[in-house]
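Please open the structure in your viewer and keep the selection tool at hand. The stops below say what to select next and what is there.

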Amino acid sequence: MRAVRVDHESVDHDSAVDLLRRSYAAVPPGEPVRLAKRTSNLFRPRAAVHTPGLDVSGLTGVLAVDREARTADVQGMCTYEDLVDATLPHGLMPLVVPQLRTITLGGAVTGLGIESTSFRNGLPHESVTELDVLTGSGEIVTARPDGDHADLYAAFPNSLGSLGYATRLRIELQPVRRYVALRNIRFTRLEDLTDAIGEVTATRAWAGSPVDAMDGVMFSPGESYLVLATFTDEVERPSDYTGQDIYYRSLRRRTRDTLTTYDYLWRWDTDWFWCSAAFGVQHPVVRRLWPARLRRSDVYHRLVRLEHQYGVAARIDRLRGQPTRERVVQDVEIPLERTADFLRWFAGSVGMTPVWLCPLRLREPAGPGSARSWPLYPLHAGQDYVNIGFWGSVPMTEGAADGDVNRSIEREVSELGGHKSLYSDAYYDRDSFDRLYGGPTWRAVRDRYDPEHRFTGLYEKAVARA
């Protein structure tokens with residue numbers, strides 16, 4: 001008889017949670033509370049702290065996979081790399097797998113995540129059926145869509161740790177096949193691109209073939225690509241973009257492609273989309289010398305943190321007489337019907353290329369009733385969006401202040417009815433921030449679960465860099 005529940009690790013979860021709670025109790029009142037973790041996918045500089053962090057060292061595993069129910073119980077600090085390694089052998093994967101290996105499940109829920117299945121499966125937090133949260137009172141509560149802690153369940157996404165930390169999450173899984181067949185569709189007009197996104201989102205098909213995942217890249221307003229993916233068991237010789245070949249470049253020279261499902265999930269990680277070019281890794285000679293095991297987003301991110309700390313490249317630019325550069329690292333959600341407008345504005349006003357395009361629609365309700373709302377990131381149910389990601393820096397013009405370009409992006413996003421993720425720099429004033437990110441709801445939930453306000457506030461984290 002086939003067992004349907006598979007335990008993947010002999011993890012003493014209760015002891016790990018107890019260690020977390022004891023480390024929380026050891027943080028003196030009034031001192032900042034942070035996770036004691038070595039890696040991060042954040043791009044927000046933070047004020048230094050000298051108090052011990054929360055010990056999450058025992059909360060990094062997959063507790064169980066239920067193949068029949070298609071669910072997994074996962075600890076909050078488990079990376080998607082480890083989660084995928086646990087689910088793929090059972091022919092399953094999370095409904096949304098964010099594009100970078102070391103993003104954690106808890107991080108993707110409290111800080112938002114997205115990927116190419118989001119046009120049909122929404123955001124990672126929408127597949128969470130329940131989660132255990134360490135609250136500001138030091139207690140662990142189990143939050144579900146209904147019941148005593150439904151307010152915490154709804155407000156947890158995009159709270160960035162200001163309402164608590166997830167110790168365990170139960171998520172839905174979906175069946176997956178061995179390979180992913182890709183069609184790379186080229187567009188010379190942005191309106192044609194957005195029309196195609198709308199058609200695929202509505203029909204989940206293109207030219208008579210089903211579409212299971214969809215994202216794209218804009219190299220310029222006159223050259224963009226939509227990548228339509230279909231899971232398949234057909235055995236073909238798959239491409240390999242972990243060696244000399246670079247994935248994003250293939251969109252320009254191949255109309256069809258095939259990857260293993262595993263390689264498809266991490267297709268962007270090897271070169272951090274295209275950002276590895278900043279380290280010379282895309283040069284053929286450097287690529288041969290740079291070990292494949294170090295071609296990973298977390299390695300590049302560590303190099304960026306070292307640059308932020310020591311400013312070597314910035315000093316070299318100054319010696320060469322180069323202008324100071326402003327970091328522009330953002331993901332924004334724009335309504336589909338305004339996406340072409342934003343992309344043209346961005347190309348003319350900011351000028352960074354390429355940019356990533358990832359269509360998004362909140363999940364349809366499973367039964368009668370309206371779709372669930374997520375007050376701290378209030379996208380509209382039934383509205384098609386496109387996540388637009390751009391990561392790099394631009395030269396500052398004479399007399400400009402650091403942050404001016406980012407502020408102009410924030411204004412344009414708001415004028416077009418969009419939203420901006422908060423993993424990087426934000427410049428909103430508090431009133432605007434509260435209006436955009438559910439301030440009244442956040443305060444009510446915080447007062448209930450953290451009455452002494454031990455956790456750093458959401459605005460303080462996202463804007464004041466606390």
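## Salt bridges and a sheet

The structure, which is a predicted model, holds 32 salt bridges.

Select Arg101 and Asp269, whose side chains meet in a salt bridge with an N to O distance of 3.3 Å. The pair links distant parts of the chain, 168 residues apart, since Arg101 is in the loop between β4 (92-94) and α3 (105-110) while Asp269 is in the loop between α8 (261-265) and α9 (284-289). Both Arg101 and Asp269 are buried.

Arg120 lies in helix α4 (residues 118-121) and Asp212 in the loop between β10 (209-210) and β11, so the pair ties together parts that are 92 residues apart in sequence. Arg120 is partly exposed, with a relative accessible area of 23%, whereas Asp212, with a relative accessible area of 18%, is buried.

Now select Arg361 together with Asp384, which form a salt bridge whose closest N and O atoms are 2.5 Å apart. Each of the two lies in the loop between β15 and β16, and the pair ties together parts that are 23 residues apart in sequence. Asp384 counts as buried, at 16% relative accessibility.

For a network of salt bridges, select Asp73, Glu130, Asp132, Arg144, Arg168 and Arg170, which are linked in this way.

An open sheet of 8 strands, with antiparallel pairing, has the order β13-β8-β12-β11-β15-β16-β14-β17. Its edge strands are β13 and β17 (419-420), each of which pairs on one side only.

Which helix packs on the sheet and touches β8, β11, β12, β15 and β16? Select residues 190-203, which are helix α6, and compare the direction of α6 with that of β12, with which it makes about 20°. Helix α12 (residues 336-349) also packs on the sheet, touching β11, β14 (325-335), β15 and β16, and its direction makes about 160° with that of β14.

To follow the pairing itself, select strand β8 (residues 179-187), which pairs with strand β12 (residues 223-232) in the antiparallel sense over 9 bridges; within this pairing, Asn184 has Val227 of β12 as its bridge partner. Strand β8 is also joined by 5 bridges to strand β13 (residues 256-260), again antiparallel, and there Arg183 has Arg256 as its bridge partner.

Finish at strand β11 (residues 213-220), which pairs with strand β15 (residues 355-360) in the antiparallel sense over 3 bridges, with Gly216 standing opposite Leu357 in β15.

Technical notes: Residues numbered from 1 in each chain as written. Predicted model: local features only at pLDDT ≥ 70, side-chain atom pairs only at ≥ 80, totals over all residues. Heavy atoms only, no water. Pairing = 2+ DSSP bridges. Helix = DSSP H or I, 4+ residues; strand = E, 2+ residues; numbered from the N terminus. Contact = heavy atoms within 4.5 Å. Axes fitted to C-alpha atoms, helices over the stretch in contact; angles between N-to-C directions. Salt bridge = Lys/Arg side-chain N within 4 Å of Asp/Glu carboxyl O. Buried < 20%, exposed > 50% of the residue type's maximum accessible area, 1.4 Å probe, protein only.
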